[in-house]
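Me: I have a structure open and would like to learn how to read it. Can we take it feature by feature?

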Amino acid sequence: MAAQTAVRSVEDLDTTVVDADFHLTEGIEEIRPYVDGPMRKMLVGASAYSGGVDPYPSSGDLHPSVVTGRTRVFNEEKLETPADVREGMDLLGTDRVSLDPGIQLALGMVHHDQVAAALATAYNEYLLDTFLDEDDDLYGSAVVAPQRPDLAVEEIDDRAGESSVAAVFLPSGGVNPPLGDRRYDPIYEACERADLPLLLHNVAGGAMTSFPIQHQAFGRHMPTHVVAHPMQHMVNLSHMMTTGVPERFPDLRLVFQEAGLGWVPYLLNRLDYEFYGQRQDAPVLERPPSEYVDEQWYFTSQPVEGMDKPGYVAQTIRLMGEDNLMFASDYPHHDFDHADDLLRQLTGEFDREAIEAIFGGTATEVYRFR
Amino acid sequence: MTTDADAERGPTRHYVVDEGDLDEGERVLVEVEGREIGVFNVDGELYALANHCAHMGGPVCEGGLMGYFTADDDGDLRYERDGEILACPWHGWEFDVETGAHIAGSKYRLPTYDVTVEDGEIYVFA
């Protein structure tokens with residue numbers, strides 16, 4: 001086998017190092033001067049009131065590090081020139097960025113559809129005028145408003161000829177109906193025609209408030225069933241952890257049922273990492289969230305996903321912690337798991353003791369059988 | 001290469017700044033043998049920490065020196081130890097300026113250095 005040279009910095013890679021999500025920091029102040037057409041009157045207006053409108057909705061959730069002034073990067077240092085972009089690239093060691101927007105992240109939730117489309121156009125003018133036309137080596141994504149697919153198509157067709165436009169950016173947080181609706185097909189068609197990838201990027205608070213509305217648009221069981229079980233557990237587990245349920249009830253054994261495996265390591269690692277930087281939102285916790293889960297929270301196995309992918313199930317169980325997993329069938333529901341089917345995934349991967357714990361030992365300790 | 005002789009010598013004393021030039025609430029950054037070290041005067045006590053965040057290498061000693069949030073029994077927030085918690089300006093990770101411990105209790109920790117004052121001059125051992 002050829003010896004692998006240890007590479008310690010991306011700068012040593014023999015490739016153009018691309019950053020696929022690098023943000024500008026524009027707010028309405030930067031965009032307002034670029035709003036043109038009838039919507040200029042709506043946003044810039046003659047009255048002090050209309051001139052002061054900020055059309056981008058927020059669900060109001062506060063980012064603790066940002067609002068308390070802990071982080072200086074992002075909230076104190078706006079990117080106003082190509083040199084500011086270069087400074088960030090130098091910090092990160094990257095060669096190329098495709099610039100993504102700041103406040104346009106919330107564009108998909110702007111209530112007035114024609115204003116939303118005008119803001120997308122204004123942002124793209126701002127992007128070109130301030131960054132892309134000033135620095136030939138910078139690229140960016142052209143923003144479109146999902147509220148008006150017809151105008152989004154015009155926007156894509158207009159920007160497709162710009163060599164500095166490398167992608168189309170669709171602010172997908174809170175978009176309603178969700179993006180499978182056929183009204184969006186012309187946007188997909190325009191991206192194909194322009195040979196531009198379509199970037200989907202959410203914004204946290206706004207997306208959360210839209211989920212019940214989006215469910216109504218699903219119109220089918222499959223997306224509901226696949227998303228709802230793990231997502232509802234993520235909502236409850238995250239909230240219980242944030243308010244400190246395991247500190248208030250250190251003897252409470254919790255069992256999260258019927259959502260499969262993969263969401264567990266994802267969520268616990270995300271919670272730990274968020275806690276490391278945003279502990280202010282969960283100061284009741286004395287330790288990282290995953291430590292509480294390790295000790296007293298459990299998960300049932302069904303519906304085990306990835307049985308047809310060699311190695312997936314065993315690997316995922318190791319990541320979530322085999323001590324916290326209990327076999328469950330869900331019988332007689334339509335997607336019940338057979339015990340032997342899961343066992344075949346674990347034989348040879350775990351020792352007999354661990355397998356017996358998953359298939360009964362742990363449940364015998366957790367449940368009150370007497 | 002570290003030799004036994006190096007290990008016996010231990011950390012070396014490095015001049016930082018005159019005591020009169022580091023008032024309470026102030027800090028100074030010094031470079032010692034290729035390492036950046038932040039020296040802080042917190043209510044008259046001197047602390048020295050590596051200016052290299054244990055998380056992702058950010059300039060932690062250039063961050064805000066503030067308090068941190070705790071919770072009472074009802075979960076309501078309190079703000080404590082104002083001026084004793086160092087927040088990295090990159091991601092907001094909080095460290096105890098006295099011990100270098102990560103407030104959120106991860107395995108990460110900022111290296112700390114001993115500080116001394118002799119004849120009105122501040123020295124750090126590194």
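Me: Which residues have the most contacts inside the largest nonpolar core?

Reply: A word on the source before the answer: this is a predicted model. The largest nonpolar core holds 45 residues, and those with the most contacts inside it are Leu237(A), Trp263(A), Phe299(A), Ile317(A), Leu346(A) and Val60(B). Helix H12 of chain A gives the largest share of this core, 7 residues.

Me: What is Trp263(A) in contact with, leaving aside its neighbours within four places in sequence?

Reply: Pro230(A), His233(A), Met234(A), Leu237(A), Phe256(A) and Phe299(A). Two of these, Leu237(A) and Phe299(A), are also on the list of residues with the most contacts inside the core. Another core lies apart from that one; it has 34 residues, among them Met109(A), Ala116(A), Leu132(A) and Ala145(A).

Me: Now the interface. How much area do chain A and chain B bury between them?

Reply: The general idea is that the size of an interface is often given as the accessible area lost when the parts come together. Here chain A and chain B bury about 1700 Å² between them, with 57% of it on carbon and sulfur atoms. On the side of chain A, Arg70(A), Tyr276(A) and Arg279(A) supply 39% of the area buried against chain B, more than any other three residues. The contact draws on 18 residues from chain A and 28 residues from chain B.

Me: How many salt bridges does the rule find across this interface?

Reply: There are 2 salt bridges between chain A and chain B. One of them joins the side chains of Arg70(A) and Glu94(B), at 2.9 Å from N to O. Arg70(A) was also named among the three residues supplying 39% of chain A's buried area. For polar contacts, the rule finds 6 residue pairs across the interface, both residues at pLDDT 80 or more. Helix H12 (residues 263-277) of chain A gives the largest share of the side that touches chain B, 4 residues. By residue type, that side of chain A divides into 8 nonpolar, 7 polar and 3 charged.

Me: What does the side chain of Ser141(A) make a polar contact with?

Reply: The partner is the side chain of Asp100(A), at 2.7 Å. Beyond its neighbours within four places in sequence, Ser141(A) is in contact with several residues, including Ser98(A), Asp100(A), Tyr123(A), Asn124(A), Phe169(A) and Leu199(A).

Methods: Residues numbered from 1 in each chain as written. Chains lettered and ligands numbered in written order. Predicted model: local features only at pLDDT ≥ 70, side-chain atom pairs only at ≥ 80, totals over all residues. Heavy atoms only, no water. Contact = heavy atoms within 4.5 Å. Buried area = accessible area lost by both parts, 1.4 Å probe. Salt bridge = Lys/Arg side-chain N within 4 Å of Asp/Glu carboxyl O. Polar contact = N/O pair within 3.5 Å; in protein donor to acceptor, adjacent residues only side chain to side chain. Helix = DSSP H or I, 4+ residues; strand = E, 2+ residues; numbered from the N terminus. Nonpolar A, V, L, I, M, F, W, Y, C, P; charged D, E, K, R; others polar. Core = buried A, V, L, I, M, F, W, Y, C linked by side-chain atoms within 4.5 Å. Buried < 20%, exposed > 50% of the residue type's maximum accessible area, 1.4 Å probe, protein only.
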